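Subject: Structure for your review

Dear colleague,

Please find below the structure that I am handing over to you. My notes on what was found in it follow.

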Amino acid sequence: MKNIFSYIIIVAFTFSSCIQNEEFVPSPDVLVGSWESESIEIESLSGEGLMSEFTTYLFIGEDKSFYKNYMSGNWELSDNHLILNLNQFFDIQPRTYKVVDFSRNTMTLQIQTTEGEYCCNFEEFESNEMLLVTEKYVRTDP
């Protein structure tokens, strides 16, 4: 009996460890909607950081179109990465965001990029410095 009990504990521990280590993978339909940034944290890989004062708006359409501030194009979801493919007249590479947290009304995205590729000229960073940008969104549609 003791051996069976030990086996059950080991299996349960292994199973729960696997679940806790899995990354969240959203389904495409749950991302569809209108979103507004609640906060944007920008951190250099060297450790300096700042909270951005600007607001970002993101619309993710059922037809795979997206609008983010002044950019538009098509989106796709690959595992837990939201890929924004910009229209051809934007000379910008696709942006790949990791979906790090999600609920029905909130979503957190992260992207590793340079200041110049991200969009802005922050005095705290050099234009070619690698940054980790965390954008926290709240849903604005019901």
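Which residue in β6 is the bridge partner of N74? It is N85. Before the details, some conventions apply.

This is a predicted model, in which local features need pLDDT of at least 70 and side-chain atom pairs count only at pLDDT 80 or more, while totals for chains, interfaces and linings use all residues. Residues are numbered from 1 along each chain as its sequence is written, and side-chain values use heavy atoms, with hydrogens and water left out.

Overall composition

The protein has three helices and nine strands; helices (H or I, at least four residues) and strands (E, at least two) are DSSP runs, numbered from the N terminus. Along the sequence the order is α-α-β-β-β-β-β-β-β-β-α-β. Of the 142 residues, 36% are buried, where buried means under 20% relative accessible area, exposed means over 50%, and partly exposed lies in between (1.4 Å probe, protein chains only). The protein exposes about 9,100 Å², of which carbon and sulfur atoms supply 52%; accessible areas come from the Shrake-Rupley method with a 1.4 Å probe, and for residues only the protein chains shown count as cover. Among contacts (heavy atoms within 4.5 Å) with a separation of 6 or more, 48% join residues 24 or more positions apart.

Strand pairing

Two strands are treated as paired if DSSP finds at least two bridges between them. Strand β4 (residues 65–68) and β5 run antiparallel and are joined by four bridges, and F66 has G73 in β5 as its bridge partner. These two strands form a hairpin with two residues between them. Strand β5 is also joined to β6, antiparallel, by six bridges. That hairpin likewise has two residues between its strands, and D79 takes a positive phi near 55° there.

Strand β8 is joined to β9 (residues 130–139) by nine bridges, and the two run antiparallel. L109 in β8 stands opposite V99, and L109 also stands opposite E135 in β9.

The nonpolar core

The largest nonpolar core has 26 residues. Such a core is a set of buried Ala, Val, Leu, Ile, Met, Phe, Trp, Tyr and Cys residues joined through side-chain atoms within 4.5 Å. L82 and M107 have the most contacts inside this core. At least two residues each come from β1 (33–44), β3 (57–60), β5 (71–78), β6 (81–86), β7, β8 and β9. In soluble globular proteins, nonpolar side chains tend to be buried together. Residues up to four places away in sequence aside, M107 touches L31, W35, L58, I60, D101, F102, E135, K136 and Y137.

Strand β2

L50 is found in strand β2, as is M51, the strand spanning residues 49–51. L50 is buried, with a relative accessible area of 18%, whereas M51 is partly exposed at 47%. In a regular strand the side chains alternate between the two faces of the sheet. Leaving aside neighbours within four places in sequence, L50 is in contact with I40, E41, I42, F122, E124 and F125. L50 and F122 are 72 residues apart in sequence and 9.4 Å apart in space, C-alpha to C-alpha. With the corresponding exclusion of residues up to four places away, M51 touches S39, I40 and E41. M51 and S39 are 12 residues apart in sequence, with a C-alpha to C-alpha distance of 7.3 Å.

Backbone angles and a charge over a ring

Most residues other than glycine have a negative phi. K64 is not a glycine, yet has a positive phi of about 75°. K64 lies in the loop between β3 and β4 and is partly exposed, at 34% relative accessibility. K64 also lies over the face of W75, at 4.1 Å from the ring centre; the criterion is that NZ of Lys or CZ of Arg is within 6 Å of the ring centre and within 35 degrees of the ring normal.

N69, in the loop between β4 and β5, has a positive phi of about 55° although it is not a glycine. N69 is partly exposed, with a relative accessible area of 41%.

Kind regards
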